[in-house]
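Please consult the sequence and the structure alongside each answer.

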Amino acid sequence: MEQFIFETERLGIRRFSPSDSEEFAQILTDPEVCYFEPSGVFPREKALAVAAKLAQDKRFFAVVLKENNFLIGKLFFEDKDFFGAYEIGYTFNRSYWGKGYALESVKGMFRYAFEKMNVRRIIAEVDIKNTRSVDLLERAGMRREGVFKKSAAFRKNSLGEPDFSDFASYAILKDEFNIRS
Ligand SMILES: CC(C)(COP(=O)(O)OP(=O)(O)OC[C@H]1O[C@@H](n2cnc3c(N)ncnc32)[C@H](O)[C@@H]1OP(=O)(O)O)[C@@H](O)C(=O)NCCC(=O)NCCS
């Protein structure tokens, strides 16, 4: 029986375990999944090691399908040490995109955080070219608070120079979540 931290209709959210390595490596070795991730794509051996490391890191949560316990994604939820603010992030196996799973897990994390963890404000930062992620944040009820022009570069352009992107900052407050849900 899985020990979930919280559940949604279709998903269970729990800590990572070293036995997740194979399923998690499918995510980290996919160039399309990792395109907008600061860490980039991982070679298989490194991806297997990362999964084991996440089991020790309280900022990461495994998202599994309740119907078969398959690991389809990861949530990141970090205390910003700033007046009850946390940052959320997510990465899902590409075979499970387009089914509303990421959104369901993010909303579940909002509920868990606001109701059980005494969180006050949740933020997210996204490259505005990452349209799937932007759509998810807006569907989850987050507000765009600003856009930081050419603020970071996680890739190089064809000339080998840093490829700077505009990053949008999103947030949702506990009160806003309560009103909408
Ligand atoms: C960002 C990411 C998690 C979004 O995944 P996603 O599956 O598109 O997001 P959602 O869970 O919101 O699913 C929405 C899609 O599911 C569809 N859907 C199907 N059933 C649904 C349901 N029951 N409820 C809601 N949406 C549903 C929606 O219509 C929508 O489809 P569309 O994309 O064709 O419009 C995913 O693209 C990813 O892992 N990207 C790589 C990592 C990354 O970039 N992370 C963010 C860094 S800031």
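Q: Which residue in E5 is the bridge partner of Leu75?
A: The model is a predicted one. In it, strand E4 covers residues 71-79 and strand E5 covers residues 85-92, and the two pair in the antiparallel sense over seven bridges. Within E5, the bridge partner of Leu75 is Tyr90.

Q: In what order do the eight strands stand in the open sheet?
A: The chain holds six helices and eight strands. From the N terminus on, its elements run β-β-α-α-α-β-β-β-α-β-α-β-β-α. The eight strands form an open sheet with mixed pairing, in the order E1-E2-E3-E4-E5-E6-E8-E7.

Q: Which strands stand at the edges of this sheet, and why is one side of each left without a neighbour?
A: Strands of a sheet pair through backbone hydrogen bonds, either parallel or antiparallel. Each edge strand has a single partner strand, so one side of it is left without a neighbour in the sheet. The strands in this position are E1 (6-7) and E7 (143-152).

Q: In which sense, parallel or antiparallel, do E5 and E6 pair, and over how many bridges?
A: Ala85 of E5 stands opposite Arg121 in E6. The pairing of E5 and E6 is in the parallel sense, and the number of bridges is three.

Q: How many of the residues of E5 are buried?
A: In a regular strand the side chains alternate between the two faces of the sheet. From E5, Ala85, Glu87, Gly89 and Thr91 point one way, while Tyr86, Ile88, Tyr90 and Phe92 point the other way. Both sets are buried. E5 is thus mostly covered, and the count of its buried residues is eight of eight.

Q: At about what angle to E6 does helix H5 run?
A: Helix H5 comprises residues 131-139. It lies across E5, E6 (121-127), E7 and E8 (165-173). Relative to E6, H5 runs at about 160°.

Q: Which element supplies the largest share of the largest nonpolar core?
A: The largest nonpolar core has 35 residues, and those with the most contacts inside it are Phe77, Phe110 and Ile122. At least two residues of this core come from each of E2 (11-14), E3 (60-65), E4, E5, H4 (101-116), E6, H5 and E8. The largest share, eight residues, comes from H4.

Q: Which residues does Phe77 touch, not counting residues up to four places away in sequence?
A: Phe77 is one of the residues with the most contacts inside the largest nonpolar core. Not counting residues up to four places away in sequence, it touches Arg59, Phe61, Tyr86, Glu87, Ile88, Met109, Ala113, Met117, Val119 and Ile122.

Q: How many residues does the other core have?
A: Another core lies apart from the largest one. Among its residues are Ile27, Val33, Phe42 and Ala51. Its number of residues is 17.

Q: What is the relative accessibility of Asn69?
A: Asn69 lies in the loop between E3 and E4. Its phi is near 65°, a positive value in a residue other than glycine. Asn69 counts as partly exposed, because its relative accessibility is 32%.

Q: How many Å apart in space are Gly100 and Leu136, C-alpha to C-alpha?
A: Gly100 lies in the loop between E5 and H4 and is partly exposed, with a relative accessible area of 35%. In sequence, Gly100 and Leu136 are 36 residues apart. In space, their C-alpha to C-alpha separation is 8.9 Å.

Q: What radius of gyration does the chain have?
A: The C-alpha trace spans about 50 × 40 × 30 Å along its principal axes, and 47% of the 181 residues count as buried. A compact globule with 181 residues would have a radius of gyration near 16 Å. The chain agrees with this, since its value is 16 Å.

Note on methods. Residues are numbered from 1 along each chain as its sequence is written. This is a predicted model: local features need pLDDT of at least 70, side-chain atom pairs count only at pLDDT 80 or more; totals for chains, interfaces and linings use all residues. Side-chain values use heavy atoms; hydrogens and water are left out. Two strands pair if DSSP finds at least two bridges between them. Helices (H or I, at least four residues) and strands (E, at least two) are DSSP runs, numbered from the N terminus. Contact means heavy atoms within 4.5 Å. Axes are lines fitted to C-alpha atoms, for helices over the stretch in contact, and angles run from 0 to 180 degrees between N-to-C directions. The radius of gyration is taken over C-alpha atoms; the globule rule is 2.2 Å times the number of residues to the power 0.38. Buried means under 20% relative accessible area, exposed over 50%, partly exposed in between (1.4 Å probe, protein chains only). A nonpolar core is a set of buried Ala, Val, Leu, Ile, Met, Phe, Trp, Tyr and Cys residues joined through side-chain atoms within 4.5 Å.
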